[in-house]
Each structure stands twice: as C-alpha cells, then as structure tokens.
Amino acid sequence: MSADMPWNPEDGPPPTDEERAAAEALGAALDARSVPSDPDLRDLAGVAGRITATAHPNAERDRATAVRVTDGVLAASSPASARRQWLVRRVLPFAAAASVLLVAGGLGSRSFAPTPRNPPSISRNADDVLRAPMGDHPTSSPTARLDDARLSAWRDLMLRGGTR
Amino acid sequence: MVLNAPAAEEKALVEAAQAGDAAALRMLLERFSQPLYGAVILPRIGIAADAEDILRETLLRAMDRLGTFQWGGAGIFPWLRQIAIHQVIDHVRRVQRRTRLEERVERQAADVMPLHHAGAEDLLIDQQERALALKTMGAAMDVLNERYRQAVTLRLLEERPREECASTMGVTVGNFDVILHRALAALRKAYGVR
C-alpha cells in the first residue's frame, strides 16, 4: 500500500496532522493492548474495549479478576484487618505524639541541664535554710523550711517553662 | 411464595450474610462478582483497570448496604447489578463530559430488570447480560456509516491486524487509523444514548 495514497472523500473530510497523530497513537495503543494516557484517547480505547469485551468474552480471565478483587475486598473488611486499621487510626497517632513529646522533652532537658556553661539558676544549697534561727511557729522547723524552699524552687522552675 | 431449591438456598445465604455470617457473605460475593465484572461492568467500561475499580466499589457498597436489601422474586443479583450500573454511571460522569439527556437515557437503560430469577444458574445470568450488551452494541453500530462500521468490524470484532484491515479497505495504515479513530468517536456518541 502506497504511503502517499490520497485520502478517500467517502471517509469524511481530510484529517489534520493533529488528528492523524492522535489516530496513530490510538492505533498503536490498541495494538499493544495498553491504555493511552491522553484522556480523550483513553476514552476511545474504552469504547474499543467495550466492543471487544462484548464480542469476545473471556470467562477465565473475568473469573480470575473477580476472585482477586473479591478476596481483596473481603480481606480488607475482615476483623483482623479491622483491628489493624483501628490500631493504625487510633493508637498510632497517640504513639507518634508520645514519641515526639519524649524527644522534645529530651532535647528540652538537655538545654536546661546544669552544665559548667549553663549553671543552675536556682541554688539548691539548703545551708542558709538550716542555719536560720528557729521560730515559735510549728512550720518554722528546719525541715519544714527546707520543704518550703524546695517547693518554691520547684515552682519557679515550672513557671520558667520547664515541665519537670 | 414457594421457592425452588436454588432460590431458597440463595435466600438463606442472603439472610445469613445479613445476620453477619462472613462465610455466607463470601459465598454470595464470589458467586456474583464474576457476572458483575465480565457481563455488567467491563462491557460498559472497556478498560480492565477501571472495571476492577468499579467492581471493588460495587462490592464494598453492597457490603455496606446489605442490611437494607429486601428479598424479592429476582434474588440479589439485580440489586447488585443496579449498584454496579450506578457505579459505572458515576465513573463515566467523572471521566467524560456527558449531557444530562445522555445520562438520563443511560439511567433508564440501566433500570431494565434482568429476566433471570433468584437462584438462576451463573451461565444464564451471564448469557442474559451478554445478550443485552450485544443488543446495545448492535444498536450503536447501526448508526455508523458503512466504512466506519467496516473498520470496527475488521479491527475489533474480527481482531485483524491494522495492516490487514487497511489493505482490505484499500487505504494506508495511517488512513485506516484515522477512520477507526473517527468510527470510535461516533460509537462513543452512539453508546452514550443507549
């Protein structure tokens, strides 16, 4: 068949170059039994597929596909799968959040940890408390004052943003 | 109403599945998924990957709504088929630009009830669905001009190579591609209203 054979007017108006290119791509895709990526060609390949599926049913292929899809759907809805999905949806986010908090806490404690460069901002030395004169009030005993001082130091730390 | 044995068996399976019996559900889906795929969905979609997705959606939707199904004389297949057809229409609407008129006519075509009854042999279901698909295809082919119909017949019905099709029609392969391209575009339009 000659490549430059003229277009037959019975087949409609002469095709544009663009139509020729699209028709060739569709013809090649049908030959290769592949699905074109272009939406319009994909649509036309679907029309060709409708004709083929209607005229040439393949019961064996259809059965294999149906069994595979059915198995997948049932497996996805099985109780074990549902438990896995529940774990993924409910537990995983909390576990992830807890991990993030732990890591952040670790980083935070590093920055607050007393080091030679970063000395503790509040003295925990209780000598001054213990050496203070005792009063009459029951809560003025050295141990009570020590407790008060520790509580106060802890509260200060909390108010500065530490969570320890 | 007295049911024959296969219909009674199908009804019992449906009721067990509705009551939460996983094995009964599996038997029902395994039995009907093949005619749904091969005779209802694929002949209306044409692309295997899309047809698989639609079958998956159909089965999931059927499982979700199984509790709402009420037993009728035709059994569960028409109900499943109706879900599948609506999934097909939704899919087509997503990927194509269809007019409201075309959609309405398609929905009317989808509402045609199958002739088979509850407990029918799979083969009977398959044959009746395929007869419907063939009728639709024949009606769509009838609106094509003779040359376009010849191109579709040679390439898709007789599955001949492009070169042979071109030679038979007395055109180049490039021109044959154009004729087939135009024929499929005309068929798409014809299918749209059937």
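Predicted model: local features only at pLDDT ≥ 70, side-chain atom pairs only at ≥ 80, totals over all residues.
Residues are numbered from 1 along each chain as its sequence is written, chains are lettered from A and ligands numbered from 1 in the order in which they are written, and side-chain values use heavy atoms, with hydrogens and water left out.

## Chain A

Chain A has six helices and zero strands, where helices (H or I, at least four residues) and strands (E, at least two) are DSSP runs numbered from the N terminus. From the N terminus on, its elements run α-α-α-α-α-α. Of the 164 residues in chain A, 24% are buried; buried means under 20% relative accessible area, exposed over 50% and partly exposed in between, with a 1.4 Å probe and protein chains only. Contact means heavy atoms within 4.5 Å. Among contacts in chain A between residues at least 6 apart in sequence, 15% join residues at least 24 apart.

## The interface

The contact between the chains takes 55 residues from chain A and 52 residues from chain B. Together the two chains bury about 4800 Å², with 60% of that area on carbon and sulfur atoms. In chain A, the residues that lose the most area to chain B are A:R50, A:I51 and A:T54, together 15% of what that side buries. Buried area is the accessible area (1.4 Å probe) that two parts lose on being put together, summed over both.

Across the interface there are 20 residue pairs in polar contact, both residues at pLDDT 80 or more. A polar contact is a pair of N or O atoms within 3.5 Å; within protein, one must be able to donate a hydrogen and the other to accept it, and residues adjacent in sequence count only if both atoms are side-chain atoms. On the side of chain A that touches chain B, helix 1 (17–32), helix 2 (39–55) and helix 3 (59–76) of chain A each supply at least two residues. Helix 2 of chain A gives the most, with 15 residues. That side divides into 27 nonpolar, twelve polar and 16 charged residues. Here Ala, Val, Leu, Ile, Met, Phe, Trp, Tyr, Cys and Pro count as nonpolar, Asp, Glu, Lys and Arg as charged, and the others, Gly among them, as polar.

B:Q34, in helix 2 of chain B, is buried at a relative accessible area of 13%. Leaving aside neighbours within four places in sequence, B:Q34 is in contact with A:A59, A:D62, A:R63, A:A66 and B:A39.

## Nonpolar cores

A nonpolar core is a set of buried Ala, Val, Leu, Ile, Met, Phe, Trp, Tyr and Cys residues joined through side-chain atoms within 4.5 Å. The largest has 38 residues, of which B:I41, B:L55, B:I76 and B:W79 touch the most other members. Two or more residues come from each of helix 3 of chain A and helix 1 (5–18), helix 2 (22–45), helix 3 (48–65) and helix 4 (77–95) of chain B. Helix 2 of chain B has the largest share, eleven residues. Apart from this core lies another, of 32 residues, among them A:L41, A:A45, B:A140 and B:A190.

B:A84 lies in helix 4 of chain B and is buried, with a relative accessible area of 0%. Beyond neighbours within four places in sequence, B:A84 is in contact with B:L36, B:V40, B:I41, B:I54 and B:T58.

## Salt bridges

A salt bridge is a side-chain nitrogen of Lys or Arg within 4 Å of a carboxyl oxygen of Asp or Glu. The structure holds 21 salt bridges over all chains, and the count between chain A and chain B is ten.

| Pair | N to O distance |
|---|---|
| A:D31 and B:R155 | 2.5 Å |
| A:R68 and B:E52 | 3.0 Å |
| B:R160 and B:E164 | 3.4 Å |

A:R68 lies in helix 3 of chain A and B:E52 in helix 3 of chain B, so this pair joins two chains. A:R68 is partly exposed at 47% relative accessibility, whereas B:E52 is buried at 16%. A:D31 is partly exposed at 39% relative accessibility, and B:R155 is buried at 10%. A:D31 and B:R155 are also linked with B:R162 and B:D177 in a network of salt bridges.
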